[in-house]
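Trainee: I should like to work through this model step by step. May I put my questions to you once it is in view?

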Amino acid sequence: MSTSVQTEPVMERSYGGVGRCKCSFWLAVAHDVLGVLVIMVGVFGGLVIHDVFIYGGAIIIFLSLIWWVFWYSGNIDVPPEELEDDVGLIKTKNRRLSLAVRRVSDRLSNRIRNSFRKKSRPVEEEPSGAPGPSISGTDIALATIYDSPRGSSSKELVRETLCV
């Protein structure tokens with residue numbers, strides 16, 4: 001007693017021309033053309049600031065690489081079998097292990113997150129009766145480096161006390 005299961009082959013959608021990410025492709029091409037035009041103005045324009053145009057065109061062409069990367073990465077085809085683990089479709093045999101790892105990870109991240117939270121400190125009252133930290137009569141040491149008035153090239157460290 002055998003049953004046959006027929007599966008039809010998955011047809012990949014073919015994209016003609018420039019692929020799926022047409023906007024990124026045309027933005028990359030536009031930046032390349034604009035960059036080359038700016039460089040040509042800098043080289044053959046006879047302007048006083050020709051170097052600005054040359055550098056500017058090179059920067060525009062360099063920034064077009066961003067659009068080329070977007071276009072290329074948007075056209076990568078990945079079969080659904082390889083995407084299973086990336087989008088949360090976890091296989092049932094690894095379910096227990098992944099839940100245990102997630103619990104340990106959550107506990108560790110909560111401990112780290114809670115350790116950075118501010119601890120509550122007692123608040124002193126101001127002489128006026130308003131709550132707040134009192135800093136009157138506190139000396140603060142300031143250090144400055146300056147040239148000596150004699151014209152010497154050495155630098156001295158001077159500590160002065162500031163009363164608040």
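Trainee: Is Cys 23 buried or exposed?
Mentor: This is a predicted model, in which local features need pLDDT of at least 70, side-chain atom pairs count only at pLDDT 80 or more, and totals for chains, interfaces and linings use all residues. Residues are numbered from 1 along each chain as its sequence is written, and side-chain values use heavy atoms, with hydrogens and water left out. Buried means under 20% relative accessible area, exposed over 50%, and partly exposed in between (1.4 Å probe, protein chains only). The relative accessible area of Cys 23 is 57%, so Cys 23 is exposed.

Trainee: How many disulfides does the whole structure have?
Mentor: A disulfide is a pair of cysteine sulfur atoms within 2.5 Å. For Cys 21, the closest cysteine sulfur is that of Cys 23, at 9.0 Å, which is too far for a bond. Over the whole structure, the number of disulfides found is zero.

Trainee: Which residues does Ser 24 touch, apart from those up to four places away in sequence?
Mentor: Ser 24 lies in helix H1, which covers residues 22-44; helices (H or I, at least four residues) and strands (E, at least two) are DSSP runs, numbered from the N terminus. With a relative accessible area of 13%, Ser 24 is buried. Contact means heavy atoms within 4.5 Å, and the residues that Ser 24 touches beyond that range are Trp 67, Phe 70 and Trp 71.

Trainee: What separates the C-alpha atoms of Gly 35 and Ala 58?
Mentor: Gly 35 also belongs to helix H1, and its relative accessible area of 0% makes it buried. Gly 35 and Ala 58 are 23 residues apart along the chain, and their C-alpha atoms are separated by 6.3 Å.

Trainee: In what order do the elements of the protein chain run from the N terminus on?
Mentor: The secondary structure consists of four helices and two strands. One of the helices is H2, residues 50-74, where Val 69 is found. From the N terminus on, the order is α-α-α-α-β-β.

Trainee: Over which residues does pLDDT stay under 50?
Mentor: pLDDT is the predictor's confidence in each residue, from 0 to 100. The protein chain averages 75, and 54% of the residues score at least 70. Where pLDDT is low, the predicted coordinates should not be read in detail. The stretch with pLDDT under 50, for which the model has three contacts beyond four places in sequence, is residues 147-153.
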